[in-house]
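Try each one before reading its solution.

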Amino acid sequence: MADVVEEALQGSWNQDLAEALDSGSSDMEMEKGIIQEPSAQHKVKMWKIALNVSGKGDSLSPWDGVLDLPEQTLIHNRSRQLIDQLEVSEEERSDMVSDVESVITFYCKSRNITFTPELSWPHLLKPLLGLQLPRSDLYNCFYAIMNKYIPRDCVPNGRPFHLYRLLLQYHEPELCSFLDTKKITPDSYAISWMGSLFSSHCLPDVTQVLWDSYLPQSDPFFIFFLMLIILVNAKESILTQEGDSKEDIIKMLEASPSLLESEDIEDLFSLAQYYQSKTPLSLRKMNQNLFGSSLVALKEEDTDLSQALCLPVSVPEILQANQQQQDGVRFFVVDCRPAEQYNAGHLSTAFHLDSDLMLQNPSEFALSVKSLLEAQKQSLESGSIASGEHLCFMGSGREEEDMYMNMVLAHFLQKNKEYVSIAKGGFMALQQHLVDMNVEGLDSSYVHWIVSTSGSHSSLSSADGDSLSSPGDGKGVKSLVNKMTFALKSKSVNVKEKMISFIENTSTPVDRHVSSSDRVGKPYRGVKPVFSIGDEEEYDTDEIDSSSMSDDDRKEIVNIQTWMNKPDVKHHILCNEVKETGHMFPSHLLITATHMYCLREIASRKGFAYIQSRQALNSVVKITSKKKHPELITFKFGSNNSAGVEISAVERYLIPNAGDATKVIKQQIMKVLDALESS
């Protein structure tokens with residue numbers, strides 16, 4: 001009877017899945033409580049949708065099929081070895097070897113890669129071969145996985161492995177310290193895990209079950225947390241190998257994924273999701289350029305992770321995290337600057353731990369550490385805005401001054417304290433961020449972030465002199481901070497004057513580019529207007545930044561002059577694309593009758609650019625400019641539905657003569673809307 005019920009349930013689930021796949025749904029969310037393996041036919045559809053290759057043409061068609069690389073013999077032998085690991089009939093074997101060799105050869109030729117024996121990515125083909133895909137689909141799926149999920153610099157001593165070590169240290173400092181002592185680096189045992197999404201060591205059927213859950217998540221960073229759980233599960237065994245050789249430990253670690261069975265995957269993912277929820281978002285936001293087309297070798301992040309003492313966290317995340325509910329990561333900030341700097345101005349929720357005491361007065365330093373941990377415990381129990389189980393250390397932001405803070409950090413790490421991070425840029429970054437927030441229209445919840453030990457707030461002022469603070473805010477926080485910190489004599493470092501000076505020297509307010517006669521916001525087909533142009537007052541930190549996304553289509557390389565001369569291009573606007581991180585890229589906006597294209601210049605290829613984005617003009621719902629920076633223009637794209645306006649993408653550009661540029665774009669948008677209304 002139980003078998004009959006189970007069979008009926010499985011049949012129902014397969015039917016639901018088939019309907020979802022046939023409808024072209026891409027969110028792949030089937031709430032079933034447990035992981036169920038779809039049929040082979042449904043698996044093919046599911047993976048192709050998840051990899052965005054459904055309906056994609058034959059990428060191999062331009063190739064002549066000639067297998068003539070210098071390392072062709074090596075590729076052929078490697079292809080045979082891969083097939084040997086699969087249980088296939090002799091007649092299938094020959095065709096599979098041919099498919100694998102062709103896919104690897106074409107990939108190496110098209111990407112100008114020299115094939116070497118230690119490469120782990122050929123293993124990606126093993127679970128794909130089990131789907132019995134045509135050669136064109138096999139290549140498309142393989143290429144999509146390589147492009148989206150295999151990080152750049154996945155080589156010995158590569159950046160992904162330094163980042164993984166910081167993640168391991170953040171959650172499992174004891175285990176990380178043990179491996180560091182043995183001089184075992186993550187790339188020595190995990191390079192094939194990351195380079196093959198575990199297909200190098202897991203059985204093909206286990207890898208398929210793992211990918212059934214992994215690919216629909218569409219999160220390339222999730223591999224870091226799966227790798228973390230592999231080590232966490234093996235922690236006890238690893239720590240007992242104190243007397244074993246480095247080579248034996250590496251061998252044991254490398255083979256760990258081979259112990260996984262299909263039944264383990266659900267628990268593996270549940271644990272990985274839990275650890276992910278306990279990890280600062282800065283881990284991914286600061287390292288977004290690890291993934292995407294390897295043609296785009298962006299140098300956005302200048303932090304050398306191999307030299308990082310612990311996980312860096314951005315100032316915006318620190319401020320925003322403690323404004324949220326108890327869920328997620330919350331930080332207990334420890335200000336390690338000298339007493340006079342702290343007293344002159346500090347984050348209102350920060351505990352002061354003078355790092356100079358570590359050498360000058362070790363006994364007082366030990367007492368301060370004890371007070372710190374007690375204050376952290378009490379703040380968690382009271383639910384204070386200053387509370388957080390994650391310790392984040394803040395220095396001045398100047399390397400020479402933060403030397404003692406680094407010693408304090410090392411002290412906590414040696415004690416195997418989990419959840420230890422450092423505020424990137426220190427107090428200087430905090431000041432700059434709050435100034436920027438004020439320039440952009442500061443939210444009232446951010447006004448009282450900086451206070452002095454005397455209790456006065458280093459309040460920000462607007463450019464016209466109006467105070468942005470309101471009385472009474474932050475008294476509870478100030479009281480808590482005063483209880484938690486030592487009463488030290490204040491010296492005169494006036495943060496307030498520096499901030500006001502910066503703000504008063506900014507640009508004058510932008511002239512609006514929309515007159516009362518403009519037909520902006522005219523109802524379209526009886527629905528609420530979704531398109532408007534105006535000043536930007538909100539601070540968009542959580543909106544979608546479409547320029548950070550990457551797929552093959554948007555990374556097409558084109559000749560800039562050829563595109564500018566296209567007959568359908570009506571306007572060409574020189575600009576800089578502005579990322580959320582603040583990095584800028586020389587770009588060109590091309591306006592056609594129906595679309596807006598962003599071409600990002602390729603620094604290494606003069607006259608060429610990537611197609612960074614394509615947006616339909618009728619999807620523009622808002623164009624805003626900064627009051628203090630009128631040349632910084634934000635475009636929001638989306639659609640209108642019964643629930644209101646749904647934003648699907650946000651793009652920012654620094655445009656000289658922004659008024660003229662937005663005017664022509666607005667006029668073209670109105671033409672599109674008029675055409676839609678009359679159709």
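**Exercise 1.** What does the accessible surface of the protein come to, and what percentage of it belongs to carbon and sulfur atoms?

*Solution.* Keep in mind that this is a predicted model. Its accessible surface comes to about 32000 Å², and carbon and sulfur atoms hold 50% of that area. Next, turn to the residues: of the 679 in the protein, 50% are buried.

**Exercise 2.** Work out why the rings of Tyr274 and Tyr275 count as an edge-to-face pair.

*Solution.* Start with the distance: the ring centres are 5.8 Å apart, and the cut-off for a pair is within 6.5 Å. Then take the angle: the planes meet at 85°, and over 60 degrees counts as edge-to-face.

**Exercise 3.** Find which strands hold Phe635 and Tyr653, and describe how their rings pair.

*Solution.* First, locate the residues: Phe635 belongs to strand 15 (residues 632-641) and Tyr653 to strand 16 (residues 644-654). Their rings are edge-to-face, 6.0 Å centre to centre with 65° between the planes. The pair therefore ties together parts 18 residues apart in sequence. Both Phe635 and Tyr653 are buried.

**Exercise 4.** Which ring faces do Lys566 and Arg600 lie over?

*Solution.* Take the lysine first: Lys566 lies over the face of Trp563, 3.7 Å from the ring centre. For the arginine, Arg600 is over the face of Phe585, at 4.0 Å from the ring centre.

Notes
Residues are numbered from 1 along each chain as its sequence is written. This is a predicted model: local features need pLDDT of at least 70, side-chain atom pairs count only at pLDDT 80 or more; totals for chains, interfaces and linings use all residues. Side-chain values use heavy atoms; hydrogens and water are left out. Buried means under 20% relative accessible area, exposed over 50%, partly exposed in between (1.4 Å probe, protein chains only). Accessible areas come from the Shrake-Rupley method with a 1.4 Å probe; for residues, only the protein chains shown count as cover. Rings of Phe, Tyr and Trp (its six-membered ring) pair if their centres lie within 6.5 Å; planes under 30 degrees apart count as stacked, over 60 as edge-to-face and the rest as tilted. Helices (H or I, at least four residues) and strands (E, at least two) are DSSP runs, numbered from the N terminus. A charge sits over a ring if NZ of Lys or CZ of Arg is within 6 Å of the ring centre and within 35 degrees of the ring normal.
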